[in-house]
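These are my notebook entries on a structure that I looked up part by part. I began with the chains and then turned to selected helices.

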Amino acid sequence: MTSTDRFIPDRLTSPLQKRLKSWETLLLAVAIAIFIANSLASPYFLNAWNLSDATFNFTEKAMIAFAMALLIIAGEIDLSVASIIALASTAMGAAAQFDVSTLTLVLIGLSVGLACGAFNAVLVTMMGLPSIVVTIGTMSLFRGISYIVLGDQAYRGYPGAFSYFGQGYVFWVISFEFVLFAVLAVIYGVVLHKTNFGRAVYAIGNNATGALFSGIRVDRVKFILFLLTGLMSGIAAVCLTSRLGSTRPSIGLGMELEVVTMVVLGGVNILGGSGSIPGVVIAAFVMGLVTFGLGLLNVPGIVMSIFIGALLIGVIALPRLWSMLRK
Amino acid sequence: MSVMKKMLTTVAVATAFVGGAAQAEDMRIALVVKALGIGFFEAAAKGAEEAAAELGGVEIIYTGPTDTTAEGQIEVINSLIAQGVDAIAISANDPDAVAPALKKAMDRGITVISWDSGVAQEGRQMHLNPSSNALIGNMIIKLAADHLPEGGQVAVLSASATATNQNIWIDEMNKVMGNYPGIEVVTTVYGDDLADKSYREAQGLMQSYPDLDAIIAPTSVGIVAAAQAVADAGKIGQINVTGLGLPSEMAGAIESGASQSFAIWNPIDLGYSATMIAHALATGAATAEPGASIPMGRMGSVTLDDTNSGAMADPFVYDASNIEQFKSIF
């Protein structure tokens with residue numbers, strides 16, 4: 001996706017700002033509508049514990065989605081995130097067999113995530129390979145290692161304190177995962193929208209060559225973004241492993257597509273150059289509320305997938321329809 | 001804004017449409033399966049409905065994720081806990097990963113049993129095996145050996161590498177290999193219970209082992225795909241596909257000769273028995289403890305072992321002589 005010969009629209013004008021704003025407003029309206037529809041459709045929906053349980057449907061995916069949003073805005077993608085989870089979880093499981101402390105386990109999980117991110121980063125930025133190809137490869141590679149290590153076995157026996165990350169509550173029904181999700185949302189929001197680094201990310205996504213000639217160290221920024229995606233996958237691995245209390249090589253299978261769906265639903269341009277963290281946050285809630293609400297009504301998962309798919313196509317098609325209507 | 005209106009209407013219509021489904025009955029029992037859209041589990045749901053009708057005042061919630069992941073099942077379990085169902089009877093995608101969620105269900109007073117594919121002991125009150133693993137392991141190799149009096153090469157096409165059932169059966173099969181001299185199991189491949197992947201794996205087997213005599217697929221998805229692959233390769237009569245499958249899906253393969261025979265317990269009976277047990281435990285009519293005998297209606301009763309698991313019945317062989325009779329049933 002580093003090719004620079006494609007058509008690059010002028011996206012830094014003020015109508016864009018307006019459109020972006022109305023986009024998030026639209027998404028928020030959809031979220032609220034789904035919330036209301038759910039409350040009316042199921043008597044079980046408006047219950048603090050149930051809503052708390054529902055947040056687990058999206059918190060781990062959303063954590064990765066924040067880093068993925070930055071990466072996609074910069075014109076790259078990482079499809080290996082779910083496999084990084086598998087490898088990080090496998091490493092933690094292997095370490096847990098030696099009675100190491102909870103802190104060590106977490107550090108191992110994060111380090112493996114970072115290492116996987118660095119591996120992707122080296123292949124993309126130093127060897128100049130397309131990220132979609134590299135990460136499709138590492139998607140098989142990372143999970144493949146987990147399958148070789150574990151086969152059909154599972155790692156269990158995580159220390160008791162380790163279960164806090166995925167099953168613990170900070171206050172009443174507010175889970176640790178939800179707090180982590182909120183804190184990370186703020187951090188990523190600030191980084192993307194308030195720092196020079198964030199501006200560099202947009203600049204690279206709009207025109208990587210132009211950004212390079214403007215003095216932005218394009219490869220270094222991309223390197224950091226891949227590291228961040230790896231790190232977030234490591235964090236998600238800690239949470240998911242803690243929640244499941246066990247590791248199998250199939251852990252988090254297919255999650256990369258849900259993460260990308262969340263990012264695109266949040267209004268991030270899949271070709272790079274535009275998007276926002278608030279959009280991704282709302283998209284996380286929309287996806288979580290839709291799956292949980294339909295789950296409460298015992299709607300088969302197949303129908304749920306259709307619903308999410310329709311929502312995604314609707315949102316991607318929307319800006320096109322918009323500009324066609326304006327003409 | 002018309003698009004937004006449309007989206008909102010879609011949400012409202014969708015929720016209103018499904019919101020009309022049956023509400024409060026005396027008891028709600030959830031039958032949670034590995035994934036929806038698999039013939040075996042649809043048949044089990046039929047059996048559960050039969051049990052519900054027999055018991056009266058029972059609503060069956062038949063549900064499961066779209067793909068065979070533990071994460072998907074946990075989302076389903078969370079929504080069932082939220083609804084406060086009376087009992088959950090689950091066929092698990094992963095015995096360990098779903099255990100914390102099911103433990104939470106039990107903490108909130110929900111009866112939890114596993115059937116077909118089990119859950120770790122701390123995550124359920126009891127487990128209902130469709131048959132005994134030893135008998136199944138013996139049956140799948142016997143089915144292949146019966147048609148190979150001279151001996152020959154046999155390959156296994158399994159579900160996913162982490163599937164609890166299939167791995168146990170293959171283990172049991174390996175234990176009794178000594179009783180079938182001349183039969184050589186050349187390899188085990190995994191089709192992940194996906195029709196297209198299983199088909200490709202079966203094709204791969206035929207290319208890698210030109211002298212292959214039989215494919216054993218202990219999964220209802222794999223056996224159909226393998227039979228199709230053998231038929232498409234023009235190797236009917238040369239390679240016999242056998243294992244565990246559904247009569248309705250395998251009728252064509254039996255007729256064409258791609259499969260001589262296969263076995264399965266009756267999934268209708270399995271769904272029926274799981275529902276009967278869940279009902280008995282939820283009402284307090286029976287307690288799940290080692291040595292206990294729990295009634296299963298027309299299926300008699302199941303006796304629990306030290307791990308609180310029990311076996312329902314022996315597997316049953318289907319071939320050209322009885323396929324007509326059963327193919328319309330499930």
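**Entry 1: the model.** I note at the outset that this is a predicted model.

**Entry 2: chain A.** I looked up the secondary structure of chain A and found 14 helices and two strands. I then asked how the radius of gyration of chain A stands against the globule rule. The radius is 20 Å, close to the 20 Å that the rule gives for 327 residues, so chain A is as compact as a globular protein of that length. The C-alpha trace of chain A spans about 60 × 55 × 35 Å along its principal axes. Of the 327 residues in chain A, 52% are buried. I also looked at contacts in chain A with a separation of 6 or more, and 79% of them come from residues 24 or more positions apart.

**Entry 3: chain B.** I repeated the search for chain B, which has eleven helices and 14 strands. A compact globule of 330 residues would have a radius of gyration near 20 Å, and the 21 Å of chain B agrees with this. Along the principal axes, the C-alpha trace of chain B covers about 60 × 60 × 35 Å. I recorded that 55% of the 330 residues in chain B are buried. Among the contacts in chain B with a separation of 6 or more, residues 24 or more positions apart account for 72%.

**Entry 4: helix H3 of chain B.** I took up helix H3 (residues 70-83) of chain B, which has 14 residues. From its first C-alpha to its last, H3(B) reaches 20 Å, close to the 20 Å expected at 1.5 Å a residue. Is H3(B) mostly covered or mostly open? H3(B) is mostly covered, with 14 of its 14 residues buried. Just after H3(B), I noted that B:Gly84 takes a positive phi of about 65 degrees.

**Entry 5: helix H5 of chain B.** For helix H5 (residues 133-146) of chain B, 14 residues at 1.5 Å a residue should span 20 Å, and the end C-alpha atoms are 20 Å apart, which agrees. I listed the buried residues of H5(B), among them B:Ile136, B:Gly137, B:Met139 and B:Leu143. What covers the buried residues of H5(B)? The cover includes helix H6 (164-175) and strands such as S6 (152-158), S7 (183-190) and S8 (212-217) of chain B.

**Entry 6: a helix pair in chain B.** The crossing of H8(B) past H9(B) is left-handed. On H8(B) the contact is made by B:Ser220, B:Ile223, B:Val224, B:Ala227 and B:Ala231, and on H9(B) by B:Glu249, B:Met250, B:Ala253 and B:Ser256. I counted these by class as six nonpolar, two polar and one charged.

Note on methods
Residues numbered from 1 in each chain as written. Chains lettered and ligands numbered in written order. Predicted model: local features only at pLDDT ≥ 70, side-chain atom pairs only at ≥ 80, totals over all residues. Left-handed = near helix turned anticlockwise from the far one by under 90°. Helix = DSSP H or I, 4+ residues; strand = E, 2+ residues; numbered from the N terminus. Contact = placed C-beta atoms within 7 Å. Nonpolar A, V, L, I, M, F, W, Y, C, P; charged D, E, K, R; others polar. Rg over C-alpha atoms; globule rule 2.2 N^0.38 Å. Buried ≥ 20, exposed ≤ 12 C-beta atoms within 10 Å, placed from the backbone. Expected span 1.5 Å × (residues − 1).
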